[in-house]
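This briefing concerns charged side-chain contacts and backbone geometry. Please have the sequence and the coordinates to hand while reading.

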Amino acid sequence: MNVLDMTATQLSAAIRAGETTAVEAAETLLAQIEKEDKKYNCYVTVDREGALTQARAVQEKIEAGELAGPLAGVPVAVKDNICTEGLLTTCSSKILHNFAPTYTAEAVKNLQKAGAVILGKTNMDEFAMGSTTETSAYGPTKNPRNPAHVPGGSSGGSAAAVAAGECIYAIGSDTGGSIRQPASYCGVVGMKPTYGTVSRYGLIAYGSSLDQIGPLTKSVEDCAAVLEALTSHDTKDSTSVSRDDTDFTTALAEDVKGLRIGIPNDYLGEGLNDEVRTAVLQAAEVLAGKGAVVERFDLSLVEYAIPAYYTIAAAEASSNLERFDGIKYGYRTEEYAGLHNMYKKSRSEGFGEEVKRRIMLGSFVLSSGYYDAYYLKALKVKALIKKAFDEAFSRYDLILGPVAPATAPKLGESLADPIQMYLGDIYTIAVNLAGLPAMSVPCGEDSRGLPIGLQLIGDCFQEKKLIRAAYTYEQREKKF
């Protein structure tokens with residue numbers, strides 16, 4: 001089998017069996033990037049020499065028997081907001097165009113311990129603010145399934161790289177659906193773990209109470225293996241959770257008998273594309289046919305999730321992005337008169353339009369006259385949304401629905417209407433507000449051949465149930 005057609009676990013097994021090497025795998029992927037990336041613009045930075053150096057070191061450890069895990073020797077792409085020591089990490093923004101961190105994110109360190117080979121950094125919406133990867137300072141990424149369409153965002157570069165065969169798997173970050181939505185648009189598997197499961201140390205923050213790193217993969221099996229490698233308790237991250245149930249690959253069983261799955265009526269109403277609705281309901285029928293108990297129910301407060309999310313996320317962003325001031329690192333304007341003028345010009349020239357919009361919105365809702373009216377109210381809605389999910393999970397093991405209201409829009413369509421772009425997150429953002437795990441699994445295509453994603457949502461720390469249901473569905477797909 002061609003390296004490009006292999007999943008991560010298949011490639012690692014082939015390397016350990018001596019059928020290929022980590023160096024050959026890295027060279028194959030680097031050649032694929034050189035050949036294809038001009039079309040898709042998945043990468044901001046490709047670290048050719050670094051990847052081959054890592055591959056040689058990993059191969060030696062595999063041959064010495066020091067690395068025997070399911071990711072050893074497998075090339076991975078890392079989203080451009082996750083720090084890598086000595087390798088550019090720009091958040092796809094002009095303001096960090098020359099920033100090479102002096103440390104590596106804990107999640108990336110964990111992958112390196114598992115034998116991963118880092119190919120480079122993937123394109124993204126600037127500072128993860130966007131749903132299409134069109135707000136990047138390095139130009140938009142294009143969807144490998146149809147280059148006239150967006151790959152989703154903000155982890156669009158990571159999802160597109162997996163779909164285009166420019167990496168075997170990738171990692172991204174999810175603040176309001178930024179892993180699941182591009183996974184859906186590009187036809188790959190993506191998971192946002194329970195908040196606190198994967199360390200945020202080294203992830204450049206957008207909304208600190210919402211951000212979480214997770215995998216984008218070709219299969220559910222790969223997703224479980226990558227999540228298992230990513231997960232660890234990290235004292236450097238105050239929100240990191242110590243868990244003893246992170247053996248996620250043990251959940252790879254084709255068994256959903258008796259699993260109670262609820263489908264919110266709110267997720268199937270007005271605004272949902274008919275082809276997406278049909279594909280999602282057919283996926284539910286597949287799981288019901290395998291023994292799951294599937295029923296519809298009402299999940300309240302869905303319409304309040306978007307205003308609550310954008311209020312909270314923008315408020316946190318306005319605070320987190322204060323540090324980019326042209327003094328310590330990154331872009332500094334060339335001509336200025338005095339310190340405050342330098343701040344103003346550096347930030348005005350360094351940030352893109354969408355980032356400026358969210359900083360201004362965040363500063364507004366945190367201002368003394370509007371804090372109670374907007375930000376405090378949004379926090380109360382967040383608590384009510386979590387309560388609504390708690391009630392739902394008292395009756396159901398999982399919640400099933402669409403990832404997005406429609407398949408991938410055409411390039412240029414979303415940026416003209418930011419509100420419409422924000423509404424595209426309606427099915428994903430409540431998961432982040434409640435800190436829940438969720439994943440996107442391909443469940444068909446629309447009449448134009450664009451992928452449709454099925455979203456599975458679990459209660460806190462119930463990733464294994466998600467993996468079991470997703471694996472069962474995926475196996476069914478392979479048989480028919």
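A salt bridge here is a side-chain nitrogen of Lys or Arg within 4 Å of a carboxyl oxygen of Asp or Glu. The structure is a predicted model, and by this rule 20 salt bridges are counted in it. The points below take up several of these pairs and then turn to individual backbone features.

**The salt bridge of K35 and E36**

- K35 and E36 form a salt bridge, with 3.8 Å between the closest N and O atoms; this pair qualifies because the cut-off is 4 Å.
- K35 is exposed, at a relative accessible area of 59%, whereas E36 is buried, at 10%.
- The label "exposed" applies to K35 because its value of 59% is over the 50% limit.
- K39 joins K35 and E36 in a network of salt bridges.

**The salt bridge of D245 and R243**

- The side chains of D245 and R243 form a salt bridge with an N to O distance of 2.9 Å.
- R243 counts as buried, with a relative accessibility of 15%.
- D245 is partly exposed, its relative accessible area being 23%.
- The two residues receive separate labels because the limit for "buried" is under 20%: R243 has 15% and D245 has 23%.

**The salt bridge of D397 and R260**

- D397 is bridged to R260, and the closest N and O atoms of the pair are 3.4 Å apart.
- D397 belongs to the loop between α12 (371-393) and β9 (398-402), while R260 is part of strand β7 (residues 260-264); the pair therefore ties together parts that are 137 residues apart in sequence.
- D397 counts as buried at 11% relative accessibility.
- R260 is partly exposed, with a relative accessible area of 33%.

- The peptide bond leading from G153 to S154 is cis, and its omega is near 5°.
- S154 is located in the loop between β3 (117-122) and α5 (156-163).
- A128 also lies in the loop between β3 and α5.
- Although A128 is not a glycine, its phi is positive, at about 65°.
- A128 counts as buried, at 4% relative accessibility.

- C91 is situated in the loop between β2 (75-79) and α4 (106-113).
- The phi of C91, a residue other than glycine, has a positive value near 55°.
- C91 is buried, with a relative accessible area of 1%.

Definitions and conventions:
Residues are numbered from 1 along each chain as its sequence is written. This is a predicted model: local features need pLDDT of at least 70, side-chain atom pairs count only at pLDDT 80 or more; totals for chains, interfaces and linings use all residues. Side-chain values use heavy atoms; hydrogens and water are left out. Buried means under 20% relative accessible area, exposed over 50%, partly exposed in between (1.4 Å probe, protein chains only). Helices (H or I, at least four residues) and strands (E, at least two) are DSSP runs, numbered from the N terminus.
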